[in-house]
Amino acid sequence: MTANPASAGTAEGWDLFPHDADLGVRGHGPTLEAAFVQAALGLTAAITDKPIEPAGEVTVICTAPDRELLFAEWLNAVIYEMATRDMLFARYAVTIEGNSLKGRLWGEPVDQARHQPGCEPKGATYTELHVAEAPDGSWSAQCVVDV
Amino acid sequence: MDPTRFTKVDAYTWRVEPFGDMRVPAVIYADEALIEGMDDKVFVQATNVATLPGIVGASYAMPDAHWGYGFPIGGVAAFDPETGVISAGGVGFDISCGVRSMVTGLNVADVEAVKPALAEALFAAIPAGIGSRSEITLSDDEMDAMLAGGAAWAVAQGWGDARDLERIEEDGCMAGAKPDAVSDKAKKRQRREMGTLGSGNHYLEVQIVDTIYDETVAAAYGLVPGEVVITIHCGSRGLGHQIGTEFLKEMVVTAKDAGIDLPDRELACAPIRSEVGQRYLGAMRAGTNCALANREILGHFARRVVADFFPAADVSLLFDVSHNTCKVEEHIVDGERRTLYVHRKGATRAFGPGAPSLPDALRPVGQPVLIGGSMGTGSYVLAGAETSEEKSFASACHGAGRAMSRHAALKQWSGRQIQDDLRERGILIKSPSTRGIAEEAPGAYKDVDAVVETAEKAGLARRVARMRPLICIKG
């Protein structure tokens with residue numbers, strides 16, 4: 001398992017859990033929104049560990065029938081923007097109202113030499129898809145991403 | 001997995017009788033060591049597939065089966081046209097991902113003499129990795145024509161060879177494609193991705209034929225020891241990924257409306273006869289054509305490079321197979337010929353000798369089944385066996401399968417070190433990303449030799465030839 005070293009022992013962070021063919025992305029935080037943001041940071045980390053400049057901003061809107069499908073939809077929106085804009089994203093912000101989400105993504109065009117991107121995410125799957133609130137009120141959100 | 005969870009039919013066949021909501025048995029083809037090495041999730045996923053409406057025969061898993069999403073990777077399931085379902089998860093995100101191999105007639109000595117320059121030229125000509133683009137950008141009309149025409153469209157545009165078409169499944173063009181069923185978002189995602197390789201386990205390899213197992217079939221396939229083959233593994237790129245993403249979400253909702261109780265949401269499906277099912281079939285077939293066109297274009301790019309080095313070389317297609325598909329095929333079930341919708345998720349069609357759809361030159365010996373290994377080991381060409389029909393709706397394995405997660409591989413190896421080690425062994429790896437190389441380290445993959453040997457002993461396909469890499473272009 002790979003995790004964000006900076007998040008160790010803190011209230012929010014991400015980790016990547018193993019899957020035979022693909023990889024699992026998990027975020028956690030004090031709020032549902034924070035968990036979604038952290039999972040997106042984990043998705044970025046699955047592609048590159050090099051610095052990304054938050055030079056440009058992209059906005060996405062997602063809706064889904066329930067919270068778990070909304071999480072998959074959020075990651076799929078990030079994947080779509082990466083693919084169609086040839087960008088990598090360094091920062092994310094999310095607001096959620098009911099089963100609707102507005103996301104803001106900050107990043108820059110991918111530079112193969114500088115970013116050394118590894119696997120290319122194809123889509124967020126519903127395998128190991130869980131969004132849950134812990135007894136202490138913190139949230140986690142995870143699923144397997146096909147790469 | 002614990003082999004005692006199965007009924008051992010023979011040394012290579014393991015069966016789970018129906019329990020719970022299973023409508024048919026689950027059958028896994030593997031030897032005991034491969035079964036023991038499989039994740040328990042293969043058992044769960046294979047038995048989940050067996051619960052889907054209209055499934056016929058059994059839920060099968062091939063010797064390279066591993067934990068996928070919904071279906072196991074290496075899963076095969078066939079459905080009745082009237083009572084069955086079509087599953088977006090059962091096809092996967094990379095619709096019609098597959099492999100093509102082209103024989104060159106070049107001797108290994110010819111290639112060794114120019115290997116570094118050839119590797120550089122192929123790396124320059126084959127767009128690989130995140131952010132790479134080819135020379136091709138499609139207009140709206142061109143996109144629809146490509147989605148309807150597949151590899152035949154690519155040939156008509158001058159990005160291919162008409163001789164190839166009979167050696168591509170569906171003769172290079174999947175019938176029933178509906179470009180209108182593909183969303184604008186999916187088309188936008190593909191607009192600049194034609195003629196790109198992608199990343200992950202996709203590759204272009206220059207290989208040497210180093211072992212022949214069946215001289216008669218190898219001769220029919222044009223495989224000669226010491227000669228050079230070019231093999232490409234990739235799929236439908238962003239278009240297929242987006243079709244899979246969108247229909248997965250839609251089918252999760254509509255499955256409930258259709259009264260289908262999904263044991264796993266990733267098995268999202270729709271009745272074949274439903275509006276959603278028909279629309280997905282049209283989009284999925286368009287995605288298949290995208291993959292067929294993409295591999296044809298990449299083959300063309302590779303041919304142009306080879307022609308620069310060897311103007312007299314005749315690079316001809318051995319075959320092009322897809323291993324993430326759902327196809328309408330006729331099969332014998334309990335002595336009766338039936339039309340079925342056959343899902344193969346990480347599994348290769350393996351028609352045996354005499355199959356009517358094969359071209360004249362291949363029909364007597366059976367369909368080539370192209371199996372990718374890792375960049376440091378080898379790949380195989382198999383031939384569909386006469387027994388594959390009765391065993392698995394004429395299906396076989398598709399690759400080695402990962403033994404280790406990408407991040408475990410990243411911790412264990414450096415991409416630069418792998419490049420150096422493989423160069424010492426005569427294998428040149430070219431990639432825009434050293435991270436990508438580390439994730440695809442040969443040690444992160446299972447033993448492809450054991451997988452294909454088991455496929456042969458189980459009666460799915462027969463070994464014809466083994467190739468080892470000389471040059472590998474990775475994303």
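Analyst: A crossing of two helices is called left-handed if the near helix is turned anticlockwise from the far one by less than a right angle, and right-handed if clockwise. In these terms, helix H2 of chain A and helix H9 of chain B cross in a left-handed way, and this pair is the part to look at closely. The model is predicted, with local features requiring pLDDT of at least 70 and side-chain atom pairs pLDDT 80 or more, while totals for chains, interfaces and linings use all residues. Residues are numbered from 1 along each chain as its sequence is written, and chains are lettered from A, with ligands numbered from 1, in the order in which they are written.

H2(A) packs against H9(B), which covers residues 237–257 of chain B, at an angle of about 165°, and the two axes are 12 Å apart (axes are lines fitted to C-alpha atoms over the stretch in contact, and angles between N-to-C directions run from 0 to 180 degrees). That angle makes H2(A) roughly antiparallel to H9(B), a label for angles over 145 degrees. From H2(A), the residues Leu69(A), Glu73(A), Asn76(A) and Ala83(A) meet Gly238(B), Thr245(B), Lys249(B) and Val252(B) of H9(B), where contact requires C-beta atoms, placed from the backbone, within 7 Å. Sorted by class, this contact has three nonpolar, three polar and two charged residues (Ala, Val, Leu, Ile, Met, Phe, Trp, Tyr, Cys and Pro are nonpolar, Asp, Glu, Lys and Arg charged, and the others, Gly among them, polar).

Chain A itself comes to three helices and nine strands (DSSP runs numbered from the N terminus, H or I of at least four residues for helices and E of at least two for strands). Its radius of gyration is 14 Å, close to the 15 Å that the globule rule gives for 147 residues, so chain A is as compact as a globular protein of that length; the radius is taken over C-alpha atoms, and the rule is 2.2 Å times the number of residues to the power 0.38. The C-alpha atoms of chain A fill a box of roughly 45 × 30 × 30 Å along the principal axes.

For its 475 residues a compact globule would have a radius of gyration near 23 Å, and the 21 Å of chain B agrees. Another helix pair, within chain B, is formed by H5(B), residues 115–125, and H10(B), residues 275–309, which pack at an angle of about 150° with their axes 9 Å apart. Here H5(B) passes H10(B) in a right-handed crossing, and the residues of their contact divide into eight nonpolar, no polar and two charged.

Conventions:
Angles under 35 degrees count as roughly parallel, over 145 as roughly antiparallel, 65 to 115 as roughly perpendicular and the rest as oblique. Two residues are in contact if their C-beta atoms, placed from the backbone, lie within 7 Å.
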